[in-house]
Amino acid sequence: MSSDVDAMRRLRPSALFTMVAEAAIAHTTMLGAGREKTLDKGYLWVVALQRVFISRMPEYDEKVMLTSWPGRRMRSLFPRYTRITDGDGHVLVNSSAIWTLLDGRERVMLDPEEAGVDVPGTLMGGEAAFPCSPKVSREGESDFFTVPYSFVDINGHMNNARYIDLAWDRMPADFRRRPVREIQTEYAGEVCMDQKVRLVSRAEGDAFTLLGTDKAGEKVLFKIRVNAKA
């Protein structure tokens with residue numbers, strides 16, 4: 001869709017994150033862990049960590065194939081992998097993520113076994129490297145951001161794709177035009193509607209980072225690191 005691409009006719013990074021998340025949820029439902037076992041009981045699927053490797057962003061009107069599959073569960077952590085290929089089978093995007101279950105009432109992490117939720121995992125080969133906490137700077141341009149209504153999703157907090165929009169909106173224009181090679185994110189704490197967040201952004205070399213904390217700058221809420229070819 002035209003709304004999914006930017007002025008350079010490349011897929012918006014936030015649209016990519018949306019596609020990856022929706023595919024993960026749809027496949028999890030197919031595997032028997034859909035809303036009847038989760039959302040309808042007040043259990044929420046949330047992303048904790050994500051890492052995306054990009055050979056080339058899909059372009060406007062290009063036909064691609066998205067494949068999503070779960071890794072083997074590690075206690076309360078659910079690995080999830082996604083791959084996007086072009087019409088010739090070349091890998092354009094390879095990503096990994098860690099999903100967890102959240103108690104929607106208490107807003108605390110759930111034990112999947114106690115909640116009766118499981119997703120059988122598998123390995124297909126060529127999985128993206130496991131996600132880890134991205135390295136970000138605490139020095140840079142600082143400002144404050146208040147979460148608007150349009151950034152909040154069905155889980156009652158800021159949607160993971162909106163963090164990516166936030167990063168790109170604060171990215172220098174010349175950096176934004178570069179081909180992106182890797183995006184790393186960590187969602188360390190919930191960010192809700194009308195919440196005021198302190199942001200620190202920095203572009204240096206081939207990396208742009210965005211750090212989000214509470215107003216005092218003490219509690220880390222999220223980290224984003226983008227690597228792009230100069």
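Is D61 buried or exposed in this model? At 68% relative accessibility, D61 counts as exposed, where buried means under 20% relative accessible area, exposed over 50%, and partly exposed in between (1.4 Å probe, protein chains only). This is a predicted model, in which local features need pLDDT of at least 70 and side-chain atom pairs count only at pLDDT 80 or more, while totals for chains, interfaces and linings use all residues. Residues are numbered from 1 along each chain as its sequence is written, and side-chain values use heavy atoms, with hydrogens and water left out.

View 1. D61 is not a glycine, yet its phi is positive, about 70°. D61 is found in the loop between β1 and β2 (65–70); helices (H or I, at least four residues) and strands (E, at least two) are DSSP runs, numbered from the N terminus. D194, also not a glycine, has a positive phi of about 70°. The loop between β6 and β7 (196–204) holds D194, and this residue is exposed, with a relative accessible area of 57%.

**View 2. The largest nonpolar core and I183.** A nonpolar core is a set of buried Ala, Val, Leu, Ile, Met, Phe, Trp, Tyr and Cys residues joined through side-chain atoms within 4.5 Å. The largest one here has 50 residues, and L16, I183, F222 and V226 have the most contacts inside it. In soluble globular proteins, nonpolar side chains tend to be buried together. Leaving aside residues up to four places away in sequence, I183 touches P13, F17, Q50, R51, V52, I54, I164, W168, R225 and V226; contact means heavy atoms within 4.5 Å.

**View 3. A161 in helix α3.** A161 has its place in helix α3 and is buried, with a relative accessible area of 0%. Not counting residues up to four places away in sequence, A161 touches S14, F17 and T18. The C-alpha atoms of A161 and A21 are separated by 8.8 Å, although the two residues are 140 residues apart along the chain.

View 4. A salt bridge is a side-chain nitrogen of Lys or Arg within 4 Å of a carboxyl oxygen of Asp or Glu. A search of the whole structure finds 11 salt bridges. In one of them, the side chains of E182 and R51 meet at 2.7 Å, N to O. This pair links distant parts of the chain, with E182 in strand β6 and R51 in strand β1, 131 residues apart. Both E182 and R51 are buried.

View 5. D143 and R170 meet through their side chains in a salt bridge (3.3 Å, N to O). The pair links distant parts of the chain: D143 lies in strand β5 (residues 141–146) and R170 in helix α3, 27 residues apart. D143 is partly exposed at a relative accessible area of 29%, and R170 counts as partly exposed at 27%. R202 forms a salt bridge with E204, their closest N and O atoms being 3.1 Å apart. R202 is partly exposed, with a relative accessible area of 29%, whereas E204 is exposed, at 51%. R56, E59 and E62 are linked in a network of salt bridges.

**View 6. R178, a buried arginine without a salt bridge.** R178 sits in the loop between α4 (173–176) and β6 (180–187). R178 is buried yet has no salt bridge, and D174, the nearest side chain of opposite charge, is 4.4 Å away. For charge, Lys and Arg count as positive and Asp and Glu as negative; His and the chain ends are not counted. Beyond residues up to four places away in sequence, R178 touches R10, G205, D206, A228, K229 and A230.

**View 7. The largest pocket.** On a 1 Å grid over the protein atoms alone, a cavity is a set of points where a 1.4 Å probe fits but cannot get out, and a pocket is an open set with protein on both sides within 12 Å along at least five of seven lines; lining residues have an atom within 4 Å of a point. The largest pocket has a volume of about 810 Å³, a volume being the space filled by probe spheres set on grid points that are joined across faces, edges and corners. Its lining has 39 residues, of which W45, V46, D153, N155 and H157 lie nearest the centre. The largest share of this lining, 7 residues, comes from α1.
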